[in-house]
Structure formats: structure tokens, C-alpha cells
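Hi,

Here is the structure I promised to pass on.

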Amino acid sequence: IESASQIFVHSKVMVVDDNWAMVGSANLDGVSLHSYGDDFAGPVARRLFRDVRNFDLNAIVRDGCDDVAPNGFVSSLRSKLWAEHLGMSAAATRTRPPKGWLGMWRKRAKENVIALKSNDSRHRYHGSVLPYSTRATPAKQWLELGISSLTALRMLEFDPGLMEVYLSPNWVRNMFL
């Protein structure tokens, strides 16, 4: 591995039963659903950010509805997305495994942790799946996985500082640019 990066995807994708999909950027928060100012308790912030909104858009796709026959688009979308994230062929993500999908995701995450800890070329990192962590920064997330060497931590391309993690000042800057 030359470099490992935390992947940021702003768009959201939801696929239900390989028949219905929603793709877009809308968040379930005040910025996307109503004015920014409503998110603040103080009167100055409420007034300053009143009527400020993000512009978000989602598209919904149904595979086969009304008089239109299903064409497999939603299933294909899910399969391609999972293949990219799991580092597998799309064919490997088309058919549900006997014990369900979760085992496949957990297995790949475990294999990727082993690959990151190992200097053995037989262990390769595939896709972008790692176990979920509630730690605040990528460096702390890696430490939680047992990846503590300086070499592994240097591979991070994004490692936010204390201000970014706990105070998130970037939204303020973005409001005035």
C-alpha cells in the first residue's frame, strides 16, 4: 500500500430490496430541510444565519413501476457500488451469500485490517472497507484497530486537528466565502 486515504462521499445512496434507490446530497438536518439559523440557540446566531440554506437534491429510481417492466438498474447500481467499496468484481456482489451480506462486509473489513498490519505481500488491502469506529480522528481510528506504527499513520492523507474535530469552524468560513 502506497497510501491509504479516508474517503469522503457527500452524496448519499440508499437501495431498498434492489427495486428502489435514492441518490443525492440532501441531509436530514436544518441546513437541508429549513434555514440554518434554526439550528442555533443564541439570538445573534439565529439572526445572522436566518434564511441561509444549502442546496441539495435527491433523485429516486424505481425498477419497474406502473406499466414499465423492471430492467435491473437498481440491482446493478447496488452491485457496482458494493464491488467498488469491497474491492471485488461486480459479479461477486450480485447474488446474496447463504448467510447474508453482512458477513461479506465484515470479512473484507477484517482482511483489510490484517493487510494494513502486515508487511507480508500475501495480505492485500482491497476496496475501502474497515471496521466502524466512533473515534474522532482517522489516527485514533487506526490506533483502535491496532495500527500504531508511524509508517501506517503517515499513510493518512487526512488527519484533522482538534479545532476541526471538536469545533468544526469550516462551516463559518464557508458561510462568508
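Strands here are DSSP runs of E, at least two residues long, numbered from the N terminus. Please keep in mind that this is a predicted model.

Strand 1 (residues 12-16) and strand 2 (residues 20-24) form a hairpin with 3 residues between them, and they pair in the antiparallel sense over 5 bridges. M14 has M22 in strand 2 as its bridge partner. In the turn, D17 shows a positive phi of about 55°.

Next, the charged pairs: the structure holds 4 salt bridges. One of them joins R78 and D18, whose closest N and O atoms are 2.7 Å apart. This pair links distant parts of the chain, with R78 in helix 3 (residues 73-86) and D18 in the loop between strand 1 and strand 2, 60 residues apart. R78 is buried at 5% relative accessible area, whereas D18 is partly exposed at 22%.

Helix 4 (residues 101-117) contains R108. E111 forms a salt bridge with R108 at 3.0 Å between the closest N and O atoms, and salt bridges with shared partners join K107, R108 and E111 into one network. The K107 to E111 bridge has an N to O distance of 3.9 Å; these two residues are about one helical turn apart because they lie 4 residues from each other in helix 4.

How accessible is R108, buried or exposed? R108 counts as buried because its relative accessibility, 9%, falls under 20%. The R108 side chain also reaches the backbone oxygen of L86 at 2.7 Å.

Happy exploring!

Definitions and conventions:
Residues numbered from 1 in each chain as written. Predicted model: local features only at pLDDT ≥ 70, side-chain atom pairs only at ≥ 80, totals over all residues. Heavy atoms only, no water. Pairing = 2+ DSSP bridges. Buried < 20%, exposed > 50% of the residue type's maximum accessible area, 1.4 Å probe, protein only. Polar contact = N/O pair within 3.5 Å; in protein donor to acceptor, adjacent residues only side chain to side chain. Salt bridge = Lys/Arg side-chain N within 4 Å of Asp/Glu carboxyl O.
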